[in-house]
Amino acid sequence: MRGTWPLILILFALIGLPAIFLPMSVWASVMLSGLTLAALFFLVASGLSLIFGLMDVINFAHGTLFMLGAYIGWTVYQNPRLLLNVAPLFLALGAGIGFGRVTAGALSVPRAISGFGLVGFGALAFWNHNLGKLVAFGSTVPGGAIPTPLAQEPLGLVFARMAAMGLAGLCGGWRMGGTRSEDRYRSWGMSAGLLLLGILMLSGRELIERWILESPGDLRFLLAVLAGTLAGGALGAWMEATLIRPLYARPIYQVLLTLGLSYVGVELVRVVWGPGNYTPLPRPSLFAMPCLASSIGEWLSQGCASLNVLGRPFPTYRLLIIGVGVAMWAGIGLLLRWTRIGIAVRAAVEDREMVEALGIPVRRLFTGVFAMGSALAALGGVVATPFLGLSPAMGLEFLLQAFIAVIIGGMGHYGGAAMGAFLVGLARAFGDYLVTVGIALPGMAEAIHFSPAIARASTVLIMAAILLLRPSGLFGQKTG
Amino acid sequence: MDAVLELRDVHTFIGSFHILKGVSFAMRAGSLTALLGRNGAGKTTTLRTIMGLWPAAQGSIRFLGEELRGRPTHEIAALGIGYVPEHRAIFRGLTVEENLKLAERRRGDLARRAEWIFSLFPDLKAALKKPAGLLSGGQQQMLAIARALVPENRLLLIDEPSEGLAPMLVEHVMAAIHRLREEVPILLVEQNLHAIRHLADHYILMEDGRVVRSGPMAELLGNREWLQRYLGVTA
Ligand SMILES: Nc1ncnc2c1ncn2[C@@H]1O[C@H](COP(=O)(O)OP(=O)(O)OP(=O)(O)O)[C@@H](O)[C@H]1O
Ligand SMILES: [Mg+2]
């Protein structure tokens with residue numbers, strides 16, 4: 001197999017050497033920590049790699065999707081009021097764009113008017129909008145804090161904002177121009193669906209909020225995961241279809257665009273959620289009890305927060321993260337291997353034109369893969385919050401590690417992304433271990449401690465080593 | 001006239017280069033038509049323009065009465081055109097079976113036609129689970145043609161199937177194409193005049209992005225001067 005030798009060397013350095021020098025219990029817990037990080041890196045790296053492989057787009061905004069997934073999930077769980085009041089505005093925008101595009105051909109509104117409308121209605125929609133009242137996070141604890149009239153704007157006003165956003169979207173849609181005739185019914189249907197969803201969310205905002213906050217934590221967590229993942233997927237599909245699609249022929253512009261979007265994302269999060277860090281989300285009940293289980297059976301029956309692994313406690317929630325990572329890795333792998341869509345994706349990575357010439361609409365494949373990759377990253381973000389909390393910087397941090405993973409594995413290679421994430425995760429975990437505990441060589445009085453910078457640099461060093469041996473990564477054929 | 005495919009004054013630009021400078025021809029149903037011309041005459045560009053892989057800047061391309069110009073490639077293919085590009089553009093990382101499966105336009109296409117396809121290309125049946133990249137050059141060409149036979153196509157565009165193949169294999173591939181011509185109209189680009197002299201009913205001769213002559217194949221084969229002048233062949 002290609003790339004076997006460098007891989008064996010690195011695996012030995014990361015798994016074999018520590019196994020020789022460290023006590024078994026320490027080795028096992030560092031390995032598990034490494035796998036936890038690897039699972040999160042994989043969720044970001046897999047989409048990054050698939051998107052690059054299929055459409056040659058380096059999506060610098062992928063970390064932002066991870067972060068937005070986390071914030072949206074957190075918000076559904078802790079402060080649904082924010083989403084219930086803001087999401088309908090964006091749903092109306094989307095619906096407006098859809099309606100605008102299907103009617104663009106028939107109406108042919110002058111561009112000056114539609115442009116003016118877009119900006120004008122957009123500004124009107126957020127005129128004097130008091131985000132602060134909605135972001136009063138922590139004020140809504142389970143079972144308590146049902147919204148008072150003061151804490152959010154009156155229903156009529158929000159509906160008015162929604163209408164303005166819809167009109168802004170309509171103008172935007174007119175500017176973008178017509179949809180293809182066979183897509184027309186789908187466009188009508190989707191736009192109407194979005195609008196209806198927005199109206200339902202808004203009219204039922206108090207009921208929905210009360211229902212979410214009074215639900216058991218596990219259900220809220222599940223809702224958070226679903227909402228975060230779906231929002232990530234929808235955002236990805238929207239990004240591809242509107243922003244990236246016109247730029248396929250201009251790679252440099254694409255880089256600028258996605259890089260720019262990543263900054264917009266961070267600033268957006270700062271504006272809406274504030275610049276501070278948030279504490280981790282409560283864990284689901286299976287991982288929450290303050291006890292130390294001595295066996296897997298005991299953990300599963302009592303829901304302990306930690307599990308005794310060879311004499312050292314290990315947080316059980318991280319096993320969930322590992323599980324999600326492994327499940328997604330296997331699921332997407334099976335999808336790529338066995339389904340028609342999967343075969344088409346692999347074929348299009350090789351030769352897009354030929355796939356198209358077989359009668360398969362590659363455009364739709366692009367949107368689908370972009371959405372799926374974005375959903376995976378967002379899912380990673382949501383499941384990471386009980387472990388890492390939230391901060392506006394988390395997207396960039398994960399993007400960087402995921403990039404390194406993708407480059408190590410070979411750009412565009414799915415299995416490579418998994419292997420890269422695995423190596424980067426392990427390297428980070430051992431690096432962190434060396435920083436906190438240090439390493440004692442025989443005959444030395446004191447352990448050598450490493451600086452945290454070295455732990456962070458370790459992944460880059462591995463990348464450099466692998467690129468020296470194999471310039472296109474472990475499994476890569478394409479060079480970026 | 002029952003034309004399967006009719007091009008009228010088709011112009012194609014690649015970047016700023018004017019490559020097709022008004023290509024016009026009609027291809028009759030139930031025939032194998034050879035598209036001939038020297039290197040760089042614009043044969044491949046013509047096929048790619050028909051498939052919508054290069055946009056035609058001007059002119060009309062009608063396939064069984066439908067205008068193709070301006071449509072996206074996947075729609076053109078779905079109308080029933082099978083394209084076998086030059087250089088055997090198979091998916092090397094996919095197995096032979098996956099290559100064929102991907103060409104299905106309706107569920108069960110492959111199952112319906114497998115027997116016929118494997119009777120044309122027995123080699124492929126034995127190699128179904130092999131990555132296509134590991135096939136020999138001849139087998140790859142057979143796969144590229146077989147892929148165009150999976151769905152129900154009403155026209156095949158085949159670009160230089162004999163390119164880079166040993167004479168034995170050329171014969172084998174041409175024998176298969178010979179059997180295909182009974183089933184479906186074919187527009188065949190081929191440099192190897194010898195290989196198709198008994199295969200083609202009609203010829204279309206291109207030079208510098210234009211069609212210079214067309215007619216029954218026998219007419220071309222009988223005219224030494226044209227063969228020499230347009231194809232550089234001394235027959
Ligand atoms: N991608 C491209 N960019 C620029 N010019 C091109 C491109 N592809 C083809 N051409 C030019 O278009 C002209 C016609 O090329 P085409 O490939 O259609 O010729 P052909 O008749 O198929 O030749 P051959 O027999 O060598 O395959 C040539 O002059 C070629 O240089
Ligand atoms: Mg050619």
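Is B:Glu98 buried or exposed? B:Glu98 counts as buried, at 8% relative accessibility (buried means under 20% relative accessible area, exposed over 50%, partly exposed in between, with a 1.4 Å probe and protein chains only). This is a predicted model, in which local features need pLDDT of at least 70 and side-chain atom pairs count only at pLDDT 80 or more, while totals for chains, interfaces and linings use all residues. Residues are numbered from 1 along each chain as its sequence is written, chains are lettered from A and ligands numbered from 1 in the order in which they are written, and side-chain values use heavy atoms, with hydrogens and water left out.

**Where chain B meets chain A**

- On the chain B side, 24 residues are in contact with 19 residues of chain A (contact means heavy atoms within 4.5 Å).
- About 1,800 Å² is buried between chain B and chain A, with 59% of it on carbon and sulfur atoms (buried area is the accessible area, with a 1.4 Å probe, that two parts lose on being put together, summed over both).
- Helices α2 and α3 of chain B each supply at least two residues of the side that touches chain A (helices are DSSP runs of H or I with at least four residues, strands are runs of E with at least two, and both are numbered from the N terminus).
- The most comes from α2(B), which gives five residues to the side of chain B that touches chain A.

**Salt bridges between the chains**

- Three salt bridges cross the interface of chain B and chain A (a salt bridge is a side-chain nitrogen of Lys or Arg within 4 Å of a carboxyl oxygen of Asp or Glu).
- A:Glu353 pairs with B:Arg48, with the closest N and O atoms 2.8 Å apart.
- A:Arg337 forms a salt bridge with B:Glu98, where the closest N and O atoms are 2.9 Å apart.
- That pair joins two chains, because A:Arg337 lies in helix α13 (residues 316-338) of chain A and B:Glu98 in helix α3 of chain B.
- A:Arg337 counts as partly exposed, at 37% relative accessibility.

**Salt bridges within a chain**

- Over all chains, the count comes to 20 salt bridges.
- In chain A, the side chains of A:Arg428 and A:Glu397 meet in a salt bridge at 3.3 Å, N to O.
- A:Arg428 is in helix α18 (residues 414-436) and A:Glu397 in helix α17 (residues 394-409) of chain A, so this pair ties together parts that are 31 residues apart in sequence.
- A:Arg428 is buried, with a relative accessible area of 12%, whereas A:Glu397 is partly exposed, at 32%.
- A:Arg428 also touches A:Ser458, whose contacts include A:Ala427 too when neighbours within four places in sequence are left aside.
- A:Ser458 sits in helix α19 (residues 452-469) of chain A and counts as buried, at 17% relative accessibility.
- In chain B, B:Glu75 and B:Arg71 meet through their side chains in a salt bridge at 3.7 Å, N to O.
- B:Glu75 is buried at 18%, while B:Arg71 is partly exposed at 25%.
- Shared partners join A:Arg337, A:Arg346 and B:Glu98 into one network of salt bridges.

**The two domains of chain B**

- The domain assignment of chain B gives domain 1 (3-80 + 154-231) and domain 2 (92-153), with bounds that come from an automatic or database domain assignment.
- Taken over C-alpha atoms, the centres of domain 1 and domain 2 of chain B are 23 Å apart.
- The area buried between domain 1 and domain 2 of chain B is about 1,300 Å², and carbon and sulfur atoms give 72% of it.
- B:His172, B:Arg179 and B:Leu180 lose the most area to domain 2 in domain 1 of chain B, together 30% of what that side buries.

**The magnesium ion**

- B:Thr44 (OG1) and B:Glu86 (OE) coordinate the magnesium ion (ligand 2) at 1.9 to 2.7 Å (donors are N, O and S atoms within 2.8 Å of the metal, or 3.2 Å for Na, K and Ca; water is not among the atoms, so sites may look incomplete).
- B:Thr44 lies in helix α1 (residues 43-50) of chain B and B:Glu86 in the loop between β6 (81-84) and α3 (96-102), 42 residues apart.
- B:Thr44 is buried, at 19%, and B:Glu86 counts as partly exposed, at 22%.
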